Amino acid sequence: MMFHKNESALTAIIQLSKLELSSDYLNKKFNDHRLYTAAILLILIPLGLAEGIFDYKSHPEIKSELFQLRLHFLLLMIPAWIILKSSSLKLATATILITLVFSAYLGIKIIENTGEDLVTTVSNVALYPFFIFFVLIGFSIYIQIFFLTVAFSFVVLSENHGVLDELIQNVYFQISVQSSVSALFIMLVFSWSYYHRYNLQLALEKSSQTDPLTGVANRRYFDSKLKSEASRSARSSSDCALILLDIDHFKRINDTFGHPTGDRVICALADLCVNQSREIDLVARLGGEEFAVIVRP
């Protein structure tokens, strides 16, 4: 898949919406942001514990209960370690979703213990949508939007059922709307930006592996694949064939009809090799009129 300048914005959006469901795309997105996600979770630990200092000053009568709640931030080391070490996107997704639920629960308990303190409530409501974005930055945009919607729905639910004081409710709702909309905008912009980055990486990767004249694999890519196929064949005791071919008297073609005609002959041979090979086989141009085909079992 390549992104071209003449591709319409609508086509790009449709392509992005499909990619956000693609396992290959999501695996790459996760691996590109694995370290970042783990770092965010670890940074939240000292930040959460540091808030205990403000808890002590503003709520000295319940400092013990709040301190115990703040200690739960140390548990974020567990999902950070799993994200950093896991190669499974499903496990990482489940881990981070559980972490979000746990963080929301912890925030609610802190609000309950502070007696609906305005500063504590607003800070939790304002920061949580951005927390969702930062810890889910390497995951599907659909998961990000789903959790953002769930978080906002809880705000609406608490307002409609009078869970909080009326003043707290109004501030709670206004701040939640502003932070949720801002977080959603950032999510969409980042996904769009990563989509272009992904396409650029694919284009660079393809150009480094492809012969520009024929479109088949180049010598560098062929050498790496030949080594890996030989190793795999030796490990599994399976057969692997290699076909080498070139064009007889090719210099005569160039001298008689010119290099443009020689290029067309080379491209015709490349097309013939591709058409006569299977999708699992690899056709490569080694240089000049020389070609190779790795025939996989």
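A salt bridge, for this talk, is a side-chain nitrogen of Lys or Arg within 4 Å of a carboxyl oxygen of Asp or Glu. What you see is a predicted model. In it there are nine salt bridges. As background, side chains of opposite charge can pair when their charged atoms come close.

Take Lys28 and Asp32. Their closest N and O atoms are 3.6 Å apart. Both residues sit in helix α2, four residues apart, about one turn of the helix. Lys28 is partly exposed, at 28% relative accessibility, and Asp32 is partly exposed too, at 30%. Together with Arg197, Lys28 and Asp32 make up a network of salt bridges.

Lys251 and Asp255 also form a bridge, with 2.8 Å between the closest N and O atoms. They lie in helix α10, again four residues apart, and both are exposed.

Now a pair of another kind. Which parts of the chain does the bridge between Arg296 and Glu229 link? Its closest N and O atoms are 2.8 Å apart. Arg296 is in the segment after β3 (290–295) and Glu229 is in helix α9, 67 residues away, so the pair links distant parts of the chain. Arg296 counts as buried because its relative accessibility, 19%, is under the 20% cut-off. Glu229 is buried as well, at 8%.

Glu229 brings us to Cys240, which has Glu229 among its contacts, along with Ser233, Ile294 and Val295, leaving aside neighbours within four places in sequence. Cys240 lies in the loop between α9 (219–236) and β1 and is partly exposed, at 32%.

Beyond its neighbours within four places in sequence, Ile96 is in contact with Thr37, Leu41, Ile83, Val135, Leu136 and Phe139.

Last part: one backbone angle. Most residues other than glycine have a negative phi. His249 has a positive one, near 55°. It lies in the loop between β1 (241–245) and α10 (250–257). Is His249 buried or exposed? Exposed, with a relative accessible area of 56%.

Notes:
Residues numbered from 1 in each chain as written. Predicted model: local features only at pLDDT ≥ 70, side-chain atom pairs only at ≥ 80, totals over all residues. Heavy atoms only, no water. Contact = heavy atoms within 4.5 Å. Helix = DSSP H or I, 4+ residues; strand = E, 2+ residues; numbered from the N terminus. Buried < 20%, exposed > 50% of the residue type's maximum accessible area, 1.4 Å probe, protein only.
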